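Please look at the sequence and the structure before working through the solutions.

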Amino acid sequence: MYVRHLQVTDFRSWAHADVPLEPGPSVLIGANGQGKTNLVEAIGYVATLSSHRVATDAPLVRIGAPRAVVRTAVVHSGRELLVELEITPGKANRARINRAPAGKPRDVLGILRTVLFAPEDLALVRGDPGERRRFADDLLVARTPRLAGLRSDYERVLKQRGALLKSSGAARRAGRGGDISTLEVWDGHLARHGAQLLAYRLNLVADLEPLVAAAYAGVAPESRPAQIRYRSTLGADLPEGYGVPGGPRADAEQLETLLLESMAKVRSQELDRGVCLVGPHRDDVELILGDAPAKGYASHGESWSFALALRLGAYEVLRGDGVEPVLVLDDVFAELDRRRRQRLATVAAAAEQVLVTAAVAEDVPAELDAVRYDVGEGEIHRVR
Amino acid sequence: MYEGPVQDLIDELGRLPGVGPKSAQRIAFHLLAAEPADVTRLQEVLQKVKEGIQFCDVCGNVSEETTCRICRDPRRDLSVVCVVEEPKDVLAIERTREFKGRYHVLGGALDPLSGVGPDQLRIRELLSRIGTTLDGVDITEIIIATDPNTEGEATATYLMRMLKDFPGLTVTRLASGLPMGGDLEFADELTLGRALSGRRAM
C-alpha cells in the first residue's frame with residue numbers, strides 16, 4: 001500500500017500543505033524545525049489515531065487554530081480510499097472515508113498501515129517496560145484492530161480491581177475484613193481479559209523474534225546476535241515453549257487458570273500494597289544482545305540499531321499478514337555509521353513506499369534518494 | 001456573563017447532564033420569555049419530583065406510591081424477575097412489550113473506582129425477594145440485564161455466583177450481538193466477535 005496524496009490544514013506548524021506522493025522511496029530534506037517530522041507524524045496519525053510524539057491531541061493543532069485536518073489518499077491493491085480526519089482537542093475526532101462520514105473514528109484503523117521509526121524509539125531499548133508493552137500492543141492492534149477493545153477492557157478491569165484492592169486492604173488493616181467475594185469476581189474478569197492479551201502477546205513475540213534477530217543481523221552484521229524474550233509475571237509457571245519461535249501457540253484458557261492460581265498466591269501481598277501484582281500489565285519484552293540485556297549494556301549505536309530492528313521486525317510481521325505497510329524513517333540516518341546506513345537503505349529500498357526525513361541530504365544513501373522534497377519556510381516543493 | 005438571577009439560572013441549567021453552556025443559555029432565555037403559568041407548572045413538577053416520588057419497596061423502581069405500578073399489576077408473571085441497573089433500564093425493557101415479569105432495580109453496578117460495592121446496591125433485597133413466596137408463586141427465573149460493559153459484566157458475574165445455589169432457580173443473562181435491521185458489514189468487530197462466539201444452532 002502507499003499514500004498517494006497527503007494534505008494537512010492547521011496541523012502542527014503547517015497552516016496548509018499539499019503533497020502528492022508516489023510509491024518507492026521519497027526523501028524530505030529541510031533544516032531543523034521546518035516541519036518534516038510533522039508531515040510524517042500526520043501520516044502516522046491516520047494509521048494509528050495517535051501520535052508517536054505526544055499522548056494528547058492538543059499539540060497537534062496549530063497554535064491559534066480550532067482544529068486540524070489531515071487528508072490522505074491511500075492506494076491499496078489498486079483501490080484508492082480517501083481518509084479524512086478532523087482533530088479537535090477536547091472533542092472526539094471526526095473521520096470521513098471517501099467523503100462519507102465514518103460512524104466511529106476507529107473505523108479508519110486498518111485502512112492505512114505504517115511502520116514509523118523515529119528518534120523517540122530509542123526509549124524502546126532504554127526506557128521502562130511500559131514502552132515495550134506499548135510497542136507490542138500497538139503492533140497487535142495494527143494486526144487485529146479488534147484488540148483495541150480487549151486492551152481497553154483490560155485496562156478498565158485493572159483500574160477497578162486496583163481501587164477495590166486499595167479499599168479492601170484499608171478495611172482489612174482497620175480490622176473490618178473487607179469484601180473478598182467481589183474481589184473474586186474482579187479476579188475472574190482480570191484473568192479472562194489478561195489471559196487473552198497475554199496469549200496474543202506471546203504468539204506475537206514468537207512470530208517477531210526471528211524477524212527482529214534477522215533485521216538486527218542485517219543492519220549490524222558485525223555485532224553480537226540480538227534476541228527478544230517475553231517475560232511474564234507468571235515466571236516459571238508459564239508453560240514451556242510459549243512465546244518462543246516454533247513453540248506451541250499460547251492457549252488463553254490455560255493461561256487464565258494459571259493467572260488465577262498466581263493471583264491466589266499473592267492475594268495478601270496485593271491487599272497490603274493495593275496494586276495488582278499479576279498480569280500482562282507488569283510484563284516485559286526483554287531485549288538481549290549476545291548474552292547481556294540490551295538495556296544498560298548496549299552502546300548508543302547498538303541500542304539505536306536494536307530499536308530499528310524492532311521496527312523492521314514489526315514491518316515484516318505486518319507484511320507477512322499480506323499487507324505491505326508504508327515505512328517511515330524519521331531522522332534515522334544521521335545516527336548511523338556509513339555501513340549501517342547502507343544496509344538499512346538496502347532493506348528499506350525494497351518496501352512499496354518509504355518516506356525518509358533528514359536534515360542533511362548527504363546523510364541519505366543514494367538508493368533512497370530518488371524523489372526529493374525541500375521543506376522550509378512553511379512550504380514543501382518537489383525538487384526532483 | 002449576564003446579571004444576577006439570569007446567570008444563576010444558566011449556571012444551574014448547565015449543571016444538568018447533556019446540557020452545555022450554549023443550550024443552558026437558550027433554555028434560560030426561553031424560560032424568561034415563557035408565559036408565567038408555564039414556568040409555574042415546571043416549578044411545581046420539579047418540586048413534586050423531589051418530594052412526591054419514592055422508590056418502590058419491592059423492586060426499587062421510581063414510584064408514586066410505596067409499591068410501583070408494575071409490582072401492583074396482577075397480570076404480571078410473578079415467577080420471573082429481570083434485574084437491571086437503573087430505573088431507565090426498566091423503561092427500555094418495557095418498550096419491548098416482550099417481558100411480562102417484574103423487575104429488580106439495583107441502583108447501579110459494581111464500581112470500586114466510585115466506591116460502589118455490593119452493599120451499596122440492592123442485592124440483599126433481591127436475595128430476600130427470591131426467598132419469599134408471593135401469592136403461592138415462587139420466583140423461578142432471574143434474568144440479569146446489566147449493561148454489557150466492564151462494570152455491568154462484573155455485576156452479572158457477582159449475581160451469578162450469589163444465585164447459583166438457590167434450588168430450582170434458573171439464572172439467565174441477556175444475549176449480546178448484532179442489532180436488528182442492521183447490516184453485518186457495519187457491525188464493529190467487538191459486537192460481531194461476540195455474536196460469533198454466542199452463535200446458536202438453527
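**Exercise 1.** How does the lining of the second largest pocket divide by class, and which residues lie closest to its centre?

*Solution.* By class, this lining has 19 nonpolar, 9 polar and 12 charged residues, where Ala, Val, Leu, Ile, Met, Phe, Trp, Tyr, Cys and Pro count as nonpolar, Asp, Glu, Lys and Arg as charged, and the others, Gly among them, as polar. Of the 40 lining residues, the closest to the centre are Thr48(A), Ser50(A), Ser51(A), Asp138(A) and Arg151(A). Next, the volume of the second largest pocket is about 1,200 Å³. Its largest share of lining residues, 7, comes from H3(A).

A pocket, on a 1 Å grid over the protein atoms alone, is an open set of points with protein on both sides within 12 Å along at least five of seven lines, whereas a cavity is a set where a 1.4 Å probe fits but cannot get out; lining residues have an atom within 4 Å of a point. Grid points are joined across faces, edges and corners, and a volume is the space filled by probe spheres set on the points.

The model is predicted, so that local features need pLDDT of at least 70 and side-chain atom pairs count only at pLDDT 80 or more, while totals for chains, interfaces and linings use all residues. Residues are numbered from 1 along each chain as its sequence is written, chains are lettered from A and ligands numbered from 1 in the order in which they are written, and side-chain values use heavy atoms, with hydrogens and water left out.

**Exercise 2.** Which element gives the most to the lining of the largest pocket?

*Solution.* Begin with the volume, which is about 1,800 Å³. Of the 49 residues that line this pocket, Pro148(B), Ala175(B), Ser176(B), Gly177(B) and Arg194(B) are the closest to its centre. Elements of chain A and of chain B each give two or more residues to the lining, among them helix H4 (147-173) of chain A and helix H7 (150-163) of chain B. The most comes from H8(B), with 9 residues. The lining as a whole divides into 20 nonpolar, 16 polar and 13 charged residues.

**Exercise 3.** Which residues line the largest cavity, and what is its volume?

*Solution.* The structure holds 5 cavities of 30 Å³ or more, and about 60 Å³ of space lies in the largest. Its lining is made up of Leu6(A), Val19(A), Leu21(A), Leu28(A), Leu39(A), Val40(A), Ile43(A) and Leu355(A), which by class gives 8 nonpolar, no polar and no charged residues. H1(A) supplies the largest share, 3 residues.

**Exercise 4.** At what angle do helices H1 and H2 of chain B pack, and which residues meet?

*Solution.* Helix H1 (residues 4-14) and helix H2 (residues 21-33) of chain B pack at about 130°, with axes 8 Å apart; axes are lines fitted to C-alpha atoms, for helices over the stretch in contact, and angles run from 0 to 180 degrees between N-to-C directions. H1(B) and H2(B) are therefore oblique to each other, since angles under 35 degrees count as roughly parallel, over 145 as roughly antiparallel, 65 to 115 as roughly perpendicular and the rest as oblique. Helices (H or I, at least four residues) and strands (E, at least two) are DSSP runs, numbered from the N terminus.
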